[in-house]
Amino acid sequence: MKRQIQHSTTAARAFIALTVVLLFVVSPLWAQTLARYAATRTTGITYTGINTSGNSFPSWRNSTGGNYNEDDNRSYPVDIGFDFWYNGVRYTQFSVSTNGFIDFSSSADDGGPLTHQYGPYDDDMSEDAAAEVTTLVVAPFYLDLTTYGTTDPLGESIHYEVSGTTGNRVLTVEWYRVEPWVSGGGGNPDFTFQVKLYESSGVIEFVYGAMNMNGFVFANQTVNVAKGYTSGMNGSTMSASPTAAQLYLQQSPNSTTFNNLNATGGELNTPHTLQTEPTTNSKIAIAPPSMNAPYNLTFTAVTQTSMQLNWVDTLWNEIGFVIYRSDDGGANYNFITQTAANATSYSMTGLLAGTTYYYRVYAVNEGRLSTALSGNQFTASPGAPTTVASGSWKNPLTWSTAAVPGISDNATIADGHTIYIDTTVTVN
């Protein structure tokens, strides 16, 4: 009679988990540029709101002052609901501002009313001063806004929702009947609009519902308030003269002209180009370029705990390749890593012996993944050391292989042998 130890120990699982966690922390910047995105515009759309169906944001950063629940606030991060590539980097969470934008930044700024990052001043999208610049922003309508003075302004005015099925999900964020926080503009304005992120295509949409000026005039606002709004996107850094790679701003109202011009440089009262509201029931779709796939996935250097993935790269506009892996027979895939552009291989380590792993390799550009290049490979069979005598587990002479069993071994204690577990056991 024999007894086999074939399960993964806690230590072995922890080792693999740590490897995966470390690989999750990937935020490289290759040769990506916001200038490769392209905008199209559609009017006469049917606007579908989420004010009654969407989720309220669970927590907000700014909780001081008398009107913190209405004005100049930024949420704590919430999950996008899927992996989203923005300007070549993978993001899984976002924050929302009362002032008409979302961002992918890890900044802890609360969005409060003082001059600083992620505050109410839309010209900070192009500001190069570190203390003021608002980066990694997607802004359908960046303006000093306030939520309507309802019972729960933030809870009733700003919502998010993930819809669709895996591979085709959409994140929608909505600002419902928000208004400019200004004096001197007159009228009774209120605006309803959304930003949408599409999992399958990387497309970003600015969707405008009822954009009611109701007699309000931007040019009549009081001094020291920016006289217009900003629509567009920016990157993670900003130069004194923003480059096309860093800044992608709409140049005239209700147009598809986006570039890095007309940056305000962070100065209030600089004349804004966007003083006419977006057309009600319209949308602007901002799409990354198309993306072809790599081909011919092969596996070499296969051992009990590692293997090398190889593919053929004939692309010109990728900024890297993305690898996902399934450890459960292909039912679920998890992000492993993102490589540099022109890579043609990746060495996978920390695997279990005698196990089949399923892979998907994608090319990635600024915001789009290619179709998947799929394949699977099993690792080499585990070793099979057996005890030759009673004694200490950590004594090599206890084992038929004259070596202490490791993570790649199925260790067998022979019938009649007594083995003292006097060390941490890590076996397959």
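Tyr-86 touches Leu-34, Tyr-37, Tyr-91, Phe-104, Leu-136, Val-137, Val-138, Ile-204, Met-233, Asn-234 and Glu-366, leaving aside residues up to four places away in sequence; contact means heavy atoms within 4.5 Å. The model is a predicted one, in which local features need pLDDT of at least 70, side-chain atom pairs count only at pLDDT 80 or more, and totals for chains, interfaces and linings use all residues. Residues are numbered from 1 along each chain as its sequence is written, and side-chain values use heavy atoms, with hydrogens and water left out.

Tyr-86, Phe-94 and Phe-104 have the most contacts inside the largest nonpolar core, which has 46 residues. A nonpolar core is a set of buried Ala, Val, Leu, Ile, Met, Phe, Trp, Tyr and Cys residues joined through side-chain atoms within 4.5 Å; buried means under 20% relative accessible area, exposed over 50%, and partly exposed in between (1.4 Å probe, protein chains only). Among the elements that give two or more residues to this core are β4, β5, β7 (137–142) and β9 (158–163), and β4 gives the most, with 5 residues. Apart from this core lies another, of 20 residues, including Leu-315 and Ile-336.

Helices (H or I, at least four residues) and strands (E, at least two) are DSSP runs, numbered from the N terminus. β4 pairs with strand β5 (residues 89–97) in the antiparallel sense over 5 bridges; two strands pair if DSSP finds at least two bridges between them. Within this pairing, Val-78 stands opposite Phe-94 in β5. The two strands form a hairpin with 2 residues between them, and Asn-87 in the turn has a positive phi of about 50°.

β4 also contributes to the largest pocket, giving the largest share of its lining, 6 residues. A pocket is an open set of points on a 1 Å grid over the protein atoms alone, where a 1.4 Å probe fits, with protein on both sides within 12 Å along at least five of seven lines; lining residues have an atom within 4 Å of a point. The lining comprises 31 residues, of which Asp-83, Thr-166, Arg-169, Glu-199 and Tyr-324 lie nearest the centre of the pocket.

In the chain as a whole, there are 2 helices and 26 strands, and 52% of the 428 residues count as buried.
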